[in-house]
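My notes follow the display.

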Amino acid sequence: MKRLLACMFVVAAMLSGPAAYAVQPDEIMADPAKEARARDLSRELRCMVCQNQSIDDSDAPLARDLRLLVRERIAGGDSDSQVIDFLVARYGEFVLLKPRFTPHTLLLWLLPPLALAGGGLALWVYSRRRSNPGSAADPARLHLTEEEEARLERLLAADAPDKQP
């Protein structure tokens with residue numbers, strides 16, 4: 001019981017504490033407004049090493065270089081879109097955690113909703129077939145044809161002598 005309480009306390013402490021970012025004190029800009037812009041941009045950019053972390057969260061050396069590059073561009077007077085455009089030109093669309101909606105990312109953006117719609121349509125068709133057994137309950141399909149009845153009689157007659165003692 002004590003271990004359970006201790007584990008719950010540790011989890012609660014971890015969830016309530018501030019998020020730990022990888023930004024080092026020597027990276028922080030003197031101007032708070034520019035630092036806020038740099039942090040916002042860093043959250044939108046993917047670490048090329050970690051791939052599922054932003055450069056703001058990653059401890060990788062490349063992420064640090066990208067954070068410094070972002071701050072350098074902001075200090076140079078670039079707008080947010082100019083910084084993003086520079087990094088995309090240098091590293092490609094993959095550097096963005098949320099890729100832009102362009103013709104070459106069309107499949108990336110449209111495939112999930114199309115797959116979801118296709119799955120919903122398949123479930124709808126399946127449920128309609130299950131709830132409407134009209135073709136299975138058709139009286140014409142429940143009766144055997146004369147040919148089928150004759151074959152069944154032959155099979156039963158052939159099998160009958162084998163079962164008698």
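The entries below go from the whole chain to single side chains.

**Ground rules.** I am working with a predicted model, where local features need pLDDT of at least 70 and side-chain atom pairs count only at pLDDT 80 or more, while totals for chains, interfaces and linings use all residues. Residues are numbered from 1 along each chain as its sequence is written, and side-chain values use heavy atoms, with hydrogens and water left out.

**Whole chain.** I took helices (H or I, at least four residues) and strands (E, at least two) as DSSP runs, numbered from the N terminus. The protein chain has 7 helices and 0 strands. I noted the order from the N terminus as α-α-α-α-α-α-α. Of the 165 residues, 21% are buried; buried means under 20% relative accessible area, exposed over 50%, and partly exposed in between (1.4 Å probe, protein chains only). I then looked at contacts (heavy atoms within 4.5 Å). Among those with a separation of 6 or more, 48% are between residues 24 or more positions apart.

**Helix H3.** I checked H3, which covers residues 61–75 and has 15 residues. From first C-alpha to last it reaches 21 Å, close to the expected 21 Å, the expectation being 1.5 Å times one less than the number of residues. Its buried residues are Ala63, Leu66, Arg67, Leu69, Val70, Arg71 and Ile74. What covers them includes helix H2 (32–44) and helix H4 (80–91). After H3 comes Gly77, with a positive phi near 100 degrees.

**Cysteines.** How many disulfides are there? I counted 0, with a disulfide defined as a pair of cysteine sulfur atoms within 2.5 Å. The sulfur of Cys47 has its closest cysteine sulfur in Cys50, at 3.5 Å, so the two are too far apart for a bond. Cys47 is buried at 0% relative accessible area, whereas Cys50 is partly exposed at 34%.

**Surface.** The protein chain exposes about 12,600 Å², of which carbon and sulfur atoms supply 62%; accessible areas come from the Shrake-Rupley method with a 1.4 Å probe, and for residues only the protein chains shown count as cover. I found a nonpolar surface patch of Phe101, Leu106, Leu108, Trp109, Leu110 and Leu114, with about 580 Å² of accessible area together. Patches are made of residues with over 30% relative accessible area and no salt bridge, with like charges joined within 9 Å and nonpolar side chains (Val, Leu, Ile, Met, Phe, Trp, Tyr) within 5 Å. Leu114 is in helix H5 (residues 106–131) and is exposed at 58%.

**Salt bridges.** I listed 7 salt bridges, each a side-chain nitrogen of Lys or Arg within 4 Å of a carboxyl oxygen of Asp or Glu.

- Arg37 and Asp80 meet at 2.8 Å, N to O. This pair links helix H2 to helix H4, 43 residues apart. Arg37 is partly exposed at 26%, as is Asp80 at 32%.
- Arg43 and Asp56 meet at 3.6 Å, N to O. Arg43 is in helix H2 and Asp56 in the loop between H2 and H3, 13 residues apart. Arg43 is partly exposed at 37%, but Asp56 is buried at 0%.
- Asp85 and Arg100 meet at 2.7 Å, N to O. Asp85 lies in helix H4 and Arg100 in the loop between H4 and H5, so the pair ties together parts 15 residues apart in sequence.
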